[in-house]
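Visitor: I would like to learn how to read the geometric features of a model such as this one. Could we go through them in turn, with the general idea stated before each case?

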Amino acid sequence: MRALVVTIDTEEEGRWSSEYPAMGNTCRNVERLDRIHRIFTKLGVVPTYLVDYPVATDPRAREIIAGFAAGGASEIGAHLHPWCNPPFGADGTPQNTYTYPHNLPRETQRMKLDHLCRAIEEGIGIKPVSYRAGRWGFGHSTVPVLEELGIQVDTSVTPLWWDTSEGGPVFAKAPLTPYRLNSSDACRPGGSSVVEVPTSSLVVGGHGRAIERMVRMVGPAPGLRRWLVRMGLRSLRPEKFTFDEMKGLSDAIAARGMRIFNLTFHSSVALPGATPFVVDEEQLDAFCGRLEAILEHILARHQATPIPLARVPAFLGDAILRGQG
């Protein structure tokens, strides 16, 4: 059996301003999410909305998200944007790495995530047990924080990828399938109570496994990311990839015996012009078409069962410990 998970970074528009404002963020994109949510309802998909602090504290936005979750129709998780998530204060972290949560001192991470989880519980009425770091800023320093706060599942890791910015996360050696996190190395399986459910990403084609082994041996190198994409690196991200590319990836996932499809995107694509991925209504139409088409393909061709993110450990059972997720 296979499962389909849809994880949505549900956030303010300021994320894409390149200035990372602490205050004054708007969440107008959430008011337009209903069009996308109707696709999930139509197909029986149970999405996981990973909510950040501006959304959790915006009256209209949190009302909409709570409506999506009514009756268990969606899961609500946490998504930490440290630049706009209190408490604020001087912590000695260089500004150019401040936007990546894993670079913050552990206690600062804990205080911010605790503040966020409380805001979600108070504003939406759900205690989050799933998490994704803002800007994919995740590392071993975050694992104890998640354990302390009762987070059961993380989905911050994108295998075979790394951020070339200073202080950015590095996931070049991460497993492709779900695994228990390690408090000393987030890209190696360990004994944590928190399960990592990576975004679906691999190199499509007969040469894929060999290239992936090479990347794990070599690690990040100049120009390697671009070369990987040319060689077939794909992710289930309808913002960046065509339907045909994602179809090929989903078929490769199934052919390798992997059991989880984890598709992800940002809520702000619902508001044309809020992201570089969807700049006008025509591109929004195209995005929705790609999204619906790839979901239909995964559900029909691969007979995947739609589940929320937090259900993945129970769905896989002991396969997580054996590295067969």
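Visitor: What volume does the largest cavity have?

Guide: This is a predicted model, in which local features need pLDDT of at least 70 and side-chain atom pairs count only at pLDDT 80 or more, whereas totals for chains, interfaces and linings use all residues. Residues are numbered from 1 along each chain as its sequence is written, and side-chain values use heavy atoms, with hydrogens and water left out. On a 1 Å grid over the protein atoms alone, a cavity is a set of points where a 1.4 Å probe fits but cannot get out, while a pocket is an open set with protein on both sides within 12 Å along at least five of seven lines, and lining residues have an atom within 4 Å of a point. Grid points are joined across faces, edges and corners, and a volume is the space filled by probe spheres set on the points. Here the largest cavity has a volume of about 50 Å³, and a search of the whole structure finds 1 cavity of 30 Å³ or more.

Visitor: Which residues lie nearest the centre of the largest cavity?

Guide: They are L176, T177, P178, M258 and I260, out of 11 lining residues. For the classes, Ala, Val, Leu, Ile, Met, Phe, Trp, Tyr, Cys and Pro count as nonpolar, Asp, Glu, Lys and Arg as charged, and the others, Gly among them, as polar; the lining of the largest cavity then divides into 5 nonpolar, 5 polar and 1 charged.

Visitor: How is the lining of the largest pocket divided by class?

Guide: The largest pocket has a volume of about 700 Å³, and of the 34 residues that line it, W161, W162, R225, R237 and K240 are the closest to its centre. By class, the lining of this pocket has 15 nonpolar, 9 polar and 10 charged residues.

Visitor: Which helix gives the most to the lining of the largest pocket?

Guide: Helices (H or I, at least four residues) and strands (E, at least two) are DSSP runs, numbered from the N terminus. Helix 7 gives the most, with 5 residues, and strand 4 (130-133), helix 7 (224-231) and strand 9 (233-235) each supply at least two residues of that lining.

Visitor: At what angle do the axes of helix 6 and helix 7 cross?

Guide: Two packed helices are described by the angle between their axes and the distance between the axes. Axes are lines fitted to C-alpha atoms, for helices over the stretch in contact, and angles run from 0 to 180 degrees between N-to-C directions. The axes of helix 6 (residues 208-218) and helix 7 cross at roughly 170 degrees and come within 11 Å. That makes helix 6 roughly antiparallel to helix 7, given that angles under 35 degrees count as roughly parallel, over 145 as roughly antiparallel, 65 to 115 as roughly perpendicular and the rest as oblique. With contact meaning heavy atoms within 4.5 Å, I211, M214 and V215 in helix 6 meet L224, W227, L228 and M231 in helix 7, and by class this contact has 7 nonpolar, no polar and no charged residues.

Visitor: Is helix 8 roughly parallel or roughly antiparallel to helix 9?

Guide: The axes of helix 8 (residues 243-255) and helix 9 (residues 281-301) come within 10 Å and cross at roughly 25 degrees, which makes helix 8 roughly parallel to helix 9. Helix 8 passes helix 9 in a right-handed crossing; a crossing is left-handed if the near helix is turned anticlockwise from the far one by less than a right angle, and right-handed if clockwise. By class, the contact of helix 8 with helix 9 has 5 nonpolar, 2 polar and 4 charged residues.

Visitor: Where is P87 found?

Guide: P87 is found in the loop between strand 3 (75-80) and helix 4 (106-124), and the peptide bond from P86 to P87 is cis, with omega near 0 degrees.
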